[in-house]
Amino acid sequence: MRHRRASPRVTDGSVSRVFPTVREVLALDPVRHGAPRLVAAEAGLDRRVRWVHVAEVPDIATLLGGGELVLTTGIGLPSDDAGLRAFIGDLAGVGVSGLVVELGRRYLDGVPRVMVAAAERHGLPLVELRRATPFVRITEAVHALIVDAQLTELRATEEIHQRFTELSVEGADPGEVVRQAAELSGCPVVLENLSRQVLAYDPAGENAELLLDGWEQHSRRIRPEGRTAYDPDRGWLVTMVGARGQDWGRLLLRWPPGGDLAGGQPLPASVDGRSVPVLDLGRAVAAPAGRGGSSSAPPTRLTILVERAASTLALGRLIRRDAEGLERQLHRTLLTALLDHSWPVDEVALRARALGVVLERRHLIGVVVRHRTDNGGEDTARHRQSAGGGPLIEPGHPGEALDHVPDTGPVRLRDLAEAVGQALREAGLTGLTSAVDDQTVGVLLALPDAAAEERALSAFAAALRRSRPDLPGRSDLPGRSDLPGRSDLAGRADLSGRADLPGRADPRGRPGASSRSDDAPAPSAGRRSVAGLLIAAGSGVGSLREARRSLIEARQVADAARRDRRDLPIFRLPHVGLAGLLHLLRDEPRVQTFVERQLGALLAYDAQHPREQLLGTLRAYLEQGRNKSAAAAAAHLSRPAFYERLARIGRILDVDLDSVDACLSLHVALLALDAIRTP
């Protein structure tokens, strides 16, 4: 007989899930016609059948590649027990899915007992056909099933690619991408960041509270191997989300979506009086393919789906970032071009000089002005109420009566930008000013020297609060100079040419006569600043090439200061401190990666041992300046118990808790974790 080199072995774990299982094959009509009966290895019924092969020779294993269902009448099989054991062992060794033996030609009443024992030992499903059945009908039916399944998988894959391509083109937000993934799969889908916080989710009809309850601890237990992998213990298919070598999250899909599904139960039977596990497949109900339990891996199309969804999420993040830069390059002012590196610095300086703003050889300071809240409608309503416009009812109250201004966000941003420009002129300052995003107005002040920095910032802040009260609504209160905390200047709708007003500068830049100092705060300005306007300034720089750093620092300080309720006319970097700095960097993947690197092992341990919560012990130790006695008292633990916990923490994190550097890193990581967990 002709032999050839055996093809690469295909194990069941690598066979595509588009192929039917042995259980499904045995449920086909041509097979059921033969009255099939399983006599060995019921546990292998969920093996995948890649092909059907008819064989009547004992050395067929060398011609197989794995995943085949072998059909035989047994006429060519060895007659001795050792030969039958070797035959079964060879088939199992190459990864055959199962063996079907038609009775009546070689074996009349049943296959030999030695074959049953060998098949059971190797986990190879062994099935008897008790009636004569044309093998060609079985092969035709199985191969048609395989082709149909492959076509179905291809159609599903094509739909996945088409759907997510459309989402990419449309610039869909993460919530929509997650919703589409859940709709296509019928499974719950969760998008989280590197700190295991949920960014978007869709429960796919299941209970969202149950899905997300204790999510961080649950997510930390899901640790599959590889960039895209399935965790059978937890039942989640996971893939990383990121681009350009920087991951910023994970996308998780739960499979199976509804929990474990039970398969068919074995029926007690015997073969020739022998006590063997027999499943009469003519009467048993086959379990659905791929849904036999939580350990069953998800179909290939779901792996394709989560990877395609993750790519869409990563691409969308890049597109939104690039689109924002392009928009600023085309439509925003020189300040935005400077922030985005849209133009060379020399070109920015040249164009600025043409506008009358000299940036070369100047002391430059980045300043950011914004409202503490993003809810323009609420701010406007509160201002109106403070101005006597009627009672204020909190948003969401059944009797909600907040005034709604059409397109309030763009309106208040435009008004704020105008007020900032007005304040610059009033204070006699020069610089670039522009809205730099949907909530923020940026300023690049150009001063003759560094000595004028504090005086200029104070004059700008005072002028801004005089010309613009803390909350929007200046235009809806014309002429109301009698309001508390409101100056005559703020009540004027038209201030052009009014150089005789207090603190008013001439349009040509000459300060007007005034009986009031520019840097004197308006009445109640400090009280209003807490609830309304927020001014932040970066560090002064000596060249235009460094101006971007000052502007970015000012923006970051403003973001961090939104959580600070102190009454400060201008926030600088020292005011926000390390906790504020980490808060404004909380969405930065590198910060989240640092937290995971420093504390991930301890957080995972706490997730596995919720009663211990060693993170609190570490926090007490660090907050007490590494004073173990004080920390034990703060943690309400005896000193021996506290020392034992510290030793365990050191082993888990593999750090020396007596090391100042190690504790400093852990303390920063704890502060960053608090910032990440705090909205």
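These are my notebook entries on what I looked up in this structure.

**Entry 1: the whole protein**

I began with the overall picture, and I keep in mind that this is a predicted model. I found 23 helices and 17 strands in the protein. How much of the protein is buried? Of its 679 residues, 47% count as buried. I also looked at contacts with a separation of 6 or more, and 69% of them are between residues 24 or more positions apart.

**Entry 2: a cis peptide bond**

Next I went through the backbone. The peptide bond from Trp255 to Pro256 is cis, and its omega is near -5°. Where does Pro256 sit? I found Pro256 in the loop between strand S10 (246-254) and strand S11 (270-271).

**Entry 3: two alanines with positive phi**

I then looked up phi angles. Ala35 has a positive phi of about 55°, although it is not a glycine. Ala35 belongs to the loop between helix H2 (29-32) and strand S1 (36-40). Is Ala35 buried or exposed? Its relative accessibility is 14%, and buried means under 20%, so Ala35 counts as buried.

I located Ala41 in the loop between S1 and strand S2 (51-54). Ala41 is buried, with a relative accessible area of 4%.

**Entry 4: aromatic rings**

How many aromatic pairs does a search of the whole structure find? I got one aromatic pair. The ring centres of Trp215 and Trp236 are 5.5 Å apart and the planes stand at 80°, so the pair is edge-to-face. The cut-off behind that word is an angle over 60 degrees between the planes. Trp215 lies in helix H8 (residues 215-220) and Trp236 in strand S9 (residues 236-243), so the pair ties together parts that are 21 residues apart in sequence. I checked the burial of both: Trp215 is buried at a relative accessible area of 4%, and Trp236 is buried at 2%.

I also looked for a charge over a ring. Lys628 lies over the face of Tyr643, at 5.8 Å from the ring centre.

**Entry 5: two helices that meet**

A reminder to myself: two packed helices are described by the angle between their axes and the distance between the axes.

**Entry 6: Arg370**

My last stop was Arg370, which I found in strand S14 (residues 363-371). Is Arg370 buried or exposed? At 4% relative accessibility, Arg370 counts as buried. What is Arg370 in contact with, leaving aside its neighbours within four places in sequence? My list has Leu416, Gln439, Thr440, Gly532, Leu533, Leu534, Ala558, Asp559 and Arg562.

Technical notes: Residues numbered from 1 in each chain as written. Predicted model: local features only at pLDDT ≥ 70, side-chain atom pairs only at ≥ 80, totals over all residues. Heavy atoms only, no water. Helix = DSSP H or I, 4+ residues; strand = E, 2+ residues; numbered from the N terminus. Buried < 20%, exposed > 50% of the residue type's maximum accessible area, 1.4 Å probe, protein only. Phe/Tyr/Trp six-rings, centres within 6.5 Å; stacked < 30°, edge-to-face > 60°. Lys NZ or Arg CZ within 6 Å of the ring centre and 35° of its normal. Contact = heavy atoms within 4.5 Å.
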